Amino acid sequence: MTTTTSPVPDTPDIPETPEHVPEPGGPVDGAAAARPVRLIRTESTTEIPVHLLFRDDPEPAAVRLPPAVVARRPGAGRQDARERPRLAVPRVDPELVERPARVLPGVAGVLAGVCGAAGCVATSWWAGALPPLAAEALGLSERAGAGALGPAQWAAYAGAGTLGLFGFGGLARGRTGRAWVLGLFGRYRGTVRRTGLLWVNPLLLRRRVDVRLRHWRSEPMQAADRSGVALRVAVLVVWRVRDTARATLGVEDHEGYLRTCVEAALLRVPMAGPGAARDATEAAQDALTRLVAADTAPVGVEVFVVRPVRVEYAPEVAAAMHRRRIAALDAQHRASVLSSVVDSVEDTVTRLTVRGLVELDDYERKVLVKDLTVAFCAGRGEAGP
């Protein structure tokens with residue numbers, strides 16, 4: 001058996017090493033066994049048995065080979081879990097949760113206001129400051145010896161006036177589908193979802209929130225399909241405020257936040273192009289709904305559906321995509337016409353031969369198929385638009 005060797009190109013960067021180096025402590029003469037130098041000192045290699053080189057042997061003897069151990073740099077191939085990037089999840093103060101506020105029926109406010117007004121009238125009559133006409137209308141006798149208002153009269157005025165202001169000033173009307181978010185000195189004090197005439201502490205700051213089921217139709221926004229073609233998509237979002245405290249205090253403007261989340265979701269979800277199948281459109285709708293609902297849930301906004309209502313190509317690619325779509329439709333029409341012609345020719349030839357009307361050899365069959373194909377294609381071309 002002869003072997004051939006190929007010349008090795010000169011590598012000036014690799015230092016020359018001798019072919020054989022005697023083992024330390026052994027004989028140094030030429031007859032002594034020499035061992036090749038290891039180029040990778042961190043590895044241990046094994047010898048390949050000779051019988052494995054010849055595939056003609058029927059049953060090679062089993063030889064146990066020691067496992068090859070390759071030294072690996074410590075820490076190679078490992079990635080510290082702390083170095084992996086983590087997705088930022090929007091969070092809101094866990095203590096900021098909607099809870100009912102303490103309010104009283106509106107009758108209590110009306111009674112307090114009436115009592116305050118009556119107290120002011122009584123104090124005026126007591127101090128002799130009640131006009132005679134008012135006293136006659138109320139059926140009160142004119143109090144003699146009216147003089148200057150003393151500390152007792154001023155205190156009675158202050159108490160009665162405060163009671164009247166608190167009674168009438170705290171009256172509020174609750175409506176269906178509306179809620180009041182109450183706060184005192186920047187602290188959340190509760191939410192009022194009750195309807196009818198109520199009395200709310202007039203010192204509390206009131207913020208009206210619409211909790212009805214709402215829908216919003218967006219203007220055309222940027223999107224893309226699976227191929228990266230630019231689209232303009234208008235969506236219909238059905239949503240409502242679920243947690244009034246987080247929607248009002250957890251974010252500056254929950255409606256603007258919802259619009260931003262929808263716009264960001266359209267850039268992350270591949271949309272179905274114009275004229276796509278219903279399954280593709282529904283899949284894109286479900287993906288949009290899940291994504292927007294997950295982004296708006298921490299701020300107390302519940303999203304039911306994000307439905308694309310209008311999908312069109314961007315102006316810069318609309319003309320090219322229109323030509324491409326027309327070409328695809330034309331190719332599909334041609335393929336359907338060709339299939340119909342082939343089926344018609346096959347059916348005609350089969351009927352003629354099966355019924356025994358004609359006996360055709362291979363050449364005549366080919367000529368008949370050719371003539372029928374031309375005739376059917378010409379007829380369909382004339383009947384077409």
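These are my notebook entries on a predicted model.

**Ground rules.** I number residues from 1 along each chain as its sequence is written. Because the model is predicted, local features need pLDDT of at least 70 and side-chain atom pairs count only at pLDDT 80 or more, while totals for chains, interfaces and linings use all residues; side-chain values use heavy atoms, without hydrogens and water.

**Salt bridges.** I looked for a side-chain nitrogen of Lys or Arg within 4 Å of a carboxyl oxygen of Asp or Glu, which defines a salt bridge. The count is 8 salt bridges. I looked up some of them.

I began with Arg-212 and Asp-210, whose closest N and O atoms are 2.9 Å apart. For burial I used relative accessible area: buried is under 20%, exposed is over 50%, and partly exposed is in between (1.4 Å probe, protein chains only). Asp-210 is buried at 18%. Arg-212 is partly exposed at 40%.

Next I took Glu-282 and Arg-278, with their closest N and O atoms 3.0 Å apart. They sit 4 residues apart in helix α6 (residues 278–296), so about one helical turn separates them. A helix here is a DSSP run of H or I with at least four residues, a strand is a run of E with at least two, and both are numbered from the N terminus. Glu-282 is partly exposed at 35%. Arg-278 is exposed at 65%.

Then I checked Asp-330 and Arg-334, again with 3.0 Å between the closest N and O atoms. This pair lies in helix α7 (residues 315–354), 4 residues apart, so about one helical turn separates the two. Asp-330 is partly exposed at 37%, and Arg-334 is exposed at 57%.

**Disulfides.** How many disulfides are there? I needed two cysteine sulfur atoms within 2.5 Å, and I counted 0 disulfides. I looked up two cysteines anyway. Cys-120 is partly exposed at 23%. Cys-261 is buried at 8%.

**Phe-185.** I found Phe-185 in the loop between β7 (178–184) and β8. Its phi is positive, about 55°, although Phe-185 is not a glycine. Most residues other than glycine have a negative phi. Phe-185 is exposed, with a relative accessible area of 82%.

**Ala-223.** Buried or exposed, I asked of Ala-223? Ala-223 is buried at 8%. I placed Ala-223 in strand β12 (residues 221–224). Leu-267 is 44 residues away along the chain, yet the C-alpha atoms of Ala-223 and Leu-267 are separated by 5.2 Å.
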